[in-house]
Every structure is written in structure tokens, then in C-alpha cells.
Amino acid sequence: MAQTLEQRRRNAKFVKEQDARRGKSETEIKKRSKDQFKSPISPFWLGILGFVVFGGLIFEVISRIFFR
């Protein structure tokens, strides 16, 4: 059965990671993986959340100033 484009991409990523690990000890690999921190939420969703929270606050302040 032929691979899909997504499978090819993931396989290429896996091979790249394995090539980077080749020839290194387990302690080097573990130390390197701990240094990399990936946020559990993307910047896009952080922006949306910030807009909802702070945008509502700004609109409320503006409405209280101009529309007493």
C-alpha cells in the first residue's frame, strides 16, 4: 500500500531525529531533550485568549468613559 503525504512527512521527521541521535549517549540525548521547552498552547490561541480577556476589559473601560 502506498504511503500518504502525511505518513511520508512523519517518516522523514522520524529519520531526521534518529540521525541526530546516532552516535550520542543516552545522557546527552536526555539532557538535550530537557533543554527544549515547548509550550502546551500555540501563540495563536494565546492571542485569542488575550483578546477575549483584555479586549473585553478595554471595551468596558471605553464604554464607561464615553457612555456614562
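Predicted model: local features only at pLDDT ≥ 70, side-chain atom pairs only at ≥ 80, totals over all residues.
**Entry 1: ground rules**
I take helices (H or I, at least four residues) and strands (E, at least two) as DSSP runs, numbered from the N terminus. Residues are numbered from 1 along each chain as its sequence is written, and side-chain values use heavy atoms, with hydrogens and water left out.

**Entry 2: the elements**
I looked up how many helices and strands the protein has, and found 3 helices and 0 strands. Read from the N terminus, the order is α-α-α.

Next I checked confidence, using pLDDT (the predictor's confidence in each residue, from 0 to 100). The protein has a mean pLDDT of 84, and 90% of its residues reach 70 or more.

**Entry 3: helix spans**
I compared spans with the expected value, which is 1.5 Å times one less than the number of residues. Helix α1 covers residues 5-21, which is 17 residues. From first C-alpha to last, α1 reaches 25 Å, close to the expected 24 Å. After α1 comes Gly23, with a positive phi near 85 degrees.

Helix α3 (residues 43-66) has 24 residues and should span 34 Å. The end C-alpha atoms of α3 are 33 Å apart, which agrees. I also noted a bend in α3 of about 25 degrees at Phe54, the bend being the angle between axes fitted to the seven residues ending there and the seven starting there.

**Entry 4: surface**

I then sorted residues by relative accessible area (buried under 20%, exposed over 50%, partly exposed in between; 1.4 Å probe, protein chains only). Buried residues are 3% of the 68 residues in the protein.

**Entry 5: salt bridges**
I counted a salt bridge where a side-chain nitrogen of Lys or Arg lies within 4 Å of a carboxyl oxygen of Asp or Glu. The count came to 4 salt bridges.

Glu6 takes part in one with Arg9, where the closest N and O atoms are 4.0 Å apart. Glu6 also bridges Arg10, and there the closest N and O atoms are 2.8 Å apart. Arg9 lies 3 residues from Glu6 in helix α1, about one turn. Arg10 lies 4 residues from Glu6 in helix α1, also about one turn. An α-helix has 3.6 residues a turn, so residues three or four places apart point the same way.

Glu6 counts as partly exposed because its relative accessibility is 38%. Arg10, at 58%, counts as exposed.

I also looked up Arg22, which bridges Asp19 with the closest N and O atoms 3.0 Å apart. Arg22 is exposed at 61%, and Asp19 is partly exposed at 42%. Shared partners join the bridges of Glu6, Arg9 and Arg10 into one network.

**Entry 6: aromatic rings**
I called two rings of Phe, Tyr or Trp (its six-membered ring) a pair if their centres lie within 6.5 Å; planes under 30 degrees apart are stacked, over 60 edge-to-face, and the rest tilted. There is 1 aromatic pair. Phe44 and Trp45 form it, edge-to-face, with 5.1 Å centre to centre and 75 degrees between the planes. Phe44 counts as exposed because its relative accessible area is 55%.
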